[in-house]
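Morning, everyone. Please have a look at the model on the screen, and then we'll walk through it together.

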Amino acid sequence: MNKDTTRRDFLKTSSLALAAGAAGTFLGNLPGSASASSTSPDDRLMRHRFGVNYVPSKNWYFCWNDWKPMEIARDFDHIAEIGADHVRIMVLWPWFQPNPALVSSAHLDRLENLLHIAAERNLDVLVTLYTGWLSGFHFNPPYLEKEPFYTSHKWRTVQELYLSEVSKRMIRHHNFLGYDIGNEINDNWSCPTDEGDAWMKGIFSKMDSLCQGHLFVNGVDQRPWFQVDTFSPQALVAMQKIVTLHCWPFWTGAKKYGGHLDTPYTQLPRAMAALVRSYGKAPRKPIWMEEFGVCSAEMPETDVPKWMEMAITGGVKGGISWFTWWASHDVDRRFEFNEFEYTLGLITVENKIKEQGRMFKRLADTYRGTTVVIPDGDLPDHPKERTNETAWKWLLDYMDFTLKANR
């Protein structure tokens, strides 16, 4: 059996498993699987997967308002070519729900179109819903600005209508992986952690009632792990079947502690996974590196593939389950963004695969579908106070420990 056939079987099996029972239901025979044995959905979270955060090559996420499916299809051809098995996509909320009482059917049609295109290429899709915050810009719905986002009844009504209408479309698709609540939603709306935790619990419950058996996560940035911010680390660990991490050496300040190929920069994913598990007192919790990446604004372009190899192999040793690189494609410089955004892709805006894209494929082909091995041993207690300084002290201490242990 060739690698492409193996990849198709793995992807089909994984997608059907999550769609059939990520909430914990029994799975019988899976079409397309190599054997007739049943595997629990939680076990699926302990098999390595590789994907990308989709950034459209030609028109960024403005594509939702200028829909050209052939361009999306061309992008997804190359995403599949580099060995990705899933994509995380951003549904920009104010365009999909331009009024508190209206969800745009045209935009929902485009979202379904995207899932069809992805399915034709064996790509599962994680839909990031209440976005919100993206690449340095706020995309706030144009209403209820003075209402508290996490506690307002008016906001709850709007949120539930949006979730309900999107879910009616998503449950039709076998490659719908599930929902991410929002891209770094704590950057768009903040609150005390007790309010944030209560809201997160309610949204997860509503998602489960509408799309039972799918995966639901909260893709916050690093701040709730590094400081007190909107959601508690304990709730983030307890409420997610697989805990998502946004692990950026640049934005977390790793350069204060070493160069771009030094341990603090390359082993941050591995150490952050351990920090998360320590907060939840859950040493075997599945971890999803949902956003991570580097670019030529912080290191020479030729070092990006090396950084990727060191970060992913370190993450595999640290028992991280899934790896989703930011981003699939570079950003066209005709748009105004932070310099950091333009060269994060594995593929150019002309759909040429970069060397880091080839490295991604080699790593994905090596590890995809293999069993996640979580290091044995007790984790150090989490920091008593959450500050950037205490978080980094913990991470650096852990990195030194794990490096010594693996020499």
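Start with Arg-223 and Asp-229, whose side chains meet in a salt bridge, 2.9 Å from N to O. A salt bridge here is a side-chain nitrogen of Lys or Arg within 4 Å of a carboxyl oxygen of Asp or Glu. Side chains of opposite charge can pair when their charged atoms come close.

Before I go on, a word on the source. This is a predicted model, where local features need pLDDT of at least 70 and side-chain atom pairs count only at pLDDT 80 or more, while totals for chains, interfaces and linings use all residues. Residues are numbered from 1 along each chain as its sequence is written, and side-chain values use heavy atoms, with hydrogens and water left out.

Back to our pair. Is each partner buried or exposed? Buried means under 20% relative accessible area, exposed means over 50%, and partly exposed is in between, with a 1.4 Å probe and protein chains only. Asp-229 has 7% relative accessibility, so it counts as buried. Arg-223 has 22%, so it counts as partly exposed.

How many salt bridges does a search of the whole structure find? It finds 26. Let me show you two others.

Take Asp-85 and Arg-368. Their side chains meet in a salt bridge at 3.3 Å, N to O. This pair links distant parts of the chain, 283 residues apart. Asp-85 sits in the loop between helix H3 (69-81) and strand E2 (86-92). Arg-368 sits in the loop between helix H15 (355-367) and helix H16 (388-405). Those labels come from DSSP runs, numbered from the N terminus: helices are H or I with at least four residues, strands are E with at least two. Asp-85 is buried, with a relative accessible area of 0%. Arg-368 is buried too, at 12%.

Next, Glu-112 and Arg-172. The salt bridge between their side chains is 3.0 Å, N to O. Glu-112 lies in helix H5 (residues 105-119) and Arg-172 in the loop between H6 and strand E6 (176-180), so the pair ties together parts 60 residues apart in sequence.

Some bridges share partners. That joins Arg-49, Asp-85, Asp-124, Lys-361, Asp-365 and Arg-368 into one network.

Now for helices. Two packed helices are described by the angle between their axes and the distance between the axes. Helix H6 (residues 153-170) packs with helix H8 (residues 193-210) at an angle of about 30°, with their axes 10 Å apart. The axes are lines fitted to C-alpha atoms, for helices over the stretch in contact, and angles run from 0 to 180 degrees between N-to-C directions. So H6 is roughly parallel to H8. The cut-offs: under 35 degrees is roughly parallel, over 145 roughly antiparallel, 65 to 115 roughly perpendicular, and the rest oblique.

Which residues make the contact? From H6, they are Gln-159, Glu-160, Leu-163, Ser-164 and Ser-167. From H8, they are Trp-199, Ile-203, Lys-206, Met-207 and Leu-210. Contact means heavy atoms within 4.5 Å.

On to Pro-100. Its place is in the loop between helix H4 (93-96) and H5. Pro-100 counts as partly exposed, at 32% relative accessibility. Leaving aside neighbours within four places in sequence, Pro-100 is in contact with Tyr-143, Val-158 and Leu-161. The C-alpha atoms of Pro-100 and Thr-157 are 8.3 Å apart, although 57 residues separate the two along the chain.

Last, some backbone details. A cis peptide bond joins Thr-131 and Gly-132, with omega about 10°. Gly-132 is in the loop between strand E3 (124-131) and strand E4 (133-134). The bond from Trp-326 to Ala-327 is cis as well, with omega near 15°. Ala-327 is in the loop between strand E10 (322-326) and H15.

Then look at phi. Asn-122 is not a glycine, yet its phi is positive, near 60°. Asn-122 lies in the loop between H5 and E3 and is partly exposed at 30%. Thr-230 also has a positive phi, about 70°, without being a glycine. Its loop runs between helix H9 (223-226) and helix H10 (233-239), and Thr-230 is buried at 0%.
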